[in-house]
Structures are given as structure tokens and as C-alpha cells.
Amino acid sequence: MADTYSPPAIEDADWVDWLVIFNDRAPNFIGEFAQETAGSDDPRALSAKFAIAARALTLIRSALVLLQNEEQLAFRIMARGIIECAMHMESACTTAEYLPILFDDDEASRISRGKLLQKTTELSEEANRELQQFVMGDGETKPKSLNIGELSKGSNFPRFQLFYRQISADAEHVTWTSLCRHPQEKYDRVCLELDPQLEDEEMFDTIGLIALAGMTVVLHLRHSLGITQNEAEFSALGRRYIELYREGVAEFRDRHRDEDAMPQEAPSPSAH
């Protein structure tokens, strides 16, 4: 029977251990995934916050499995969804317009899909008429798609939007940058790497942003619901995150300094 992995104490945790502990303890930091809605000013807003937290924790659990299986590119791709949850939670807890924006985005998406359905599917006359009425709406107000940049404007964590877009470009979407990860040039051939590994600094950014996003989601929900239990352990995780982040920043700063200090190769003498 295989031994069960037990992470070290929080104060001794490395990044992977930190994620293991956070994944295991996050439900306790939030409390029961059930709250009385009768006394809530806005039950739908409360439900949205719980849903965002549940989505974030689901993605973090999946990301941890990928990381432990050394599927680093998939791990980075998963980070984008976790960062997105953090941006949504911050907006849900600080902006009264969050739900109207979300509802508007949902309707805009439905209308867009309705138009595509009309173009790609042969519908009965009655079904097409009903769909056309839905697509046209009331003719007065046109729903607006959510803009993640606008949603996160004024955020306390501007790095979220930066890395959300960075990961979109270099991993999540099919772009020239993301495709260039896969061909591995050898001296006489090009091989395709199905699971390319991340550069050390990319991995640091990815795992650090996942950790920060997870803490952000849980912290906002705790403050929103007035949850105070397990505060010592939650704060200890926060302190350890700061230590790991500062250690990583210092390490890569030193690496870059050493690289810059390395002597450059002298140019080859010109042939005469």
C-alpha cells in the first residue's frame, strides 16, 4: 500500500506543498458551502460569490493534479481560469454593478449563439420566428459583452489582468507564441514536444499567481460573509506565500544580474 503524502508545516512549505495545503484547507477557511439566504440583501449575489469560489477551488484541485503529473503547460493553461475567478470575485465583492454586468454578458452570448444557430441550422418556420424575436430583443437596449479589463479596473491586483492576457497569448489560445512551444529543433531535424516544460521563471509566475488568486478568492469571501474561523492558519498561509514570492523574486533578480555580468563572446575576425 502506497504511503499517503503529508505536506510539511506551513512555515516549511515549498510552492507545491503550499498548494497541497491550500487545496486541503480551503473549504475550512470558507466554512460550510451553505448560508441562510433569508437574511441576505441579495441572495443572487451571495449565490454568485459561492459559485465563483467553488469554480476556483475546482480548478485549483485540477491544476494541482496536473502539476503533480508534471504536465506543466496544461498547468499554466489552467492558471488562466483561476486568475479569472479571482478577478470576478473581487468585482463581485466590491462592485454593485457586478451582477447586471454578468447578466448582460450572458444575454449577449445567447444572442450571438442564436444568430449562429440561424445561419447553421435548418429550423421550422415557427422556431425561426421565435428565435428571431429573441435575437432582436426589445430593440431598445443591446446587451454588452463583459470586458475583463473593465471588470478589473481599479483592482488591488493589476498583475491578474497582465498575466490573464499573457497566459491567453502564450499558452491558452492558438497563437504563434503558443505554437512555438512545441517544435524542438535538433541539429538535423525538428521534433514535436507534446508536453513542453515551462521555463523556471514561467513556472514561478504561474504557481505564484495561482496561489495569489486562490487566496484572493477565499479572502474576499471570508470578508463578505464575516467568516473568522481558522484565521491563524489562513494568515500563516498568507505569510508563507509572501515569503515564497519574495524569495523567488530575489532569486530571479540575481540570475538576471549574473547573466548580464557574463562576458560576451568576442566577434569573429573578419576575413580579408
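## The Asp106–Arg110 pair

Asp106 and Arg110 both sit in helix α4. They are four residues apart, about one turn of the helix. In this predicted model, their side chains meet in a salt bridge. The N to O distance is 2.8 Å.

## Helix α4

Helix α4 covers residues 98-120, 23 residues in total. From its first C-alpha to its last, α4 reaches 33 Å. That is close to the 33 Å expected at 1.5 Å a residue.

Which residues of α4 are buried? They are Tyr98, Leu99, Ala108, Ile111 and Gly114. These buried residues pack against four helices: α2 (43-68), α3 (72-94), α5 (125-136) and α6 (148-151).

The structure holds 12 salt bridges. One of them links Arg257 with Asp254. Their closest N and O atoms are 2.8 Å apart. Both residues lie in helix α10, which spans residues 231-261. Three residues separate Arg257 from Asp254, about one turn of the helix.

Arg257 has a relative accessible area of 46%, so Arg257 is partly exposed. Asp254 is at 32%, and Asp254 is therefore partly exposed too.

## A linked network

Some salt bridges share partners. Through them, Arg76, Asp170, Arg181 and Glu202 are joined into one network.

## The Arg240–Glu247 pair

Arg240 forms a salt bridge with Glu247. Here the closest N and O atoms are 3.8 Å apart. The cut-off for a salt bridge is 4 Å, so a pair within that distance counts.

Is Arg240 buried or exposed? Its relative accessibility is 11%, so Arg240 counts as buried. The limit for buried is under 20% relative accessible area.

## Pairs in brief

- Asp106 and Arg110: salt bridge at 2.8 Å, N to O; both in α4.
- Arg257 and Asp254: closest N and O atoms 2.8 Å apart; both in α10.

Definitions and conventions
Residues numbered from 1 in each chain as written. Predicted model: local features only at pLDDT ≥ 70, side-chain atom pairs only at ≥ 80, totals over all residues. Heavy atoms only, no water. Helix = DSSP H or I, 4+ residues; strand = E, 2+ residues; numbered from the N terminus. Expected span 1.5 Å × (residues − 1). Buried < 20%, exposed > 50% of the residue type's maximum accessible area, 1.4 Å probe, protein only. Contact = heavy atoms within 4.5 Å.
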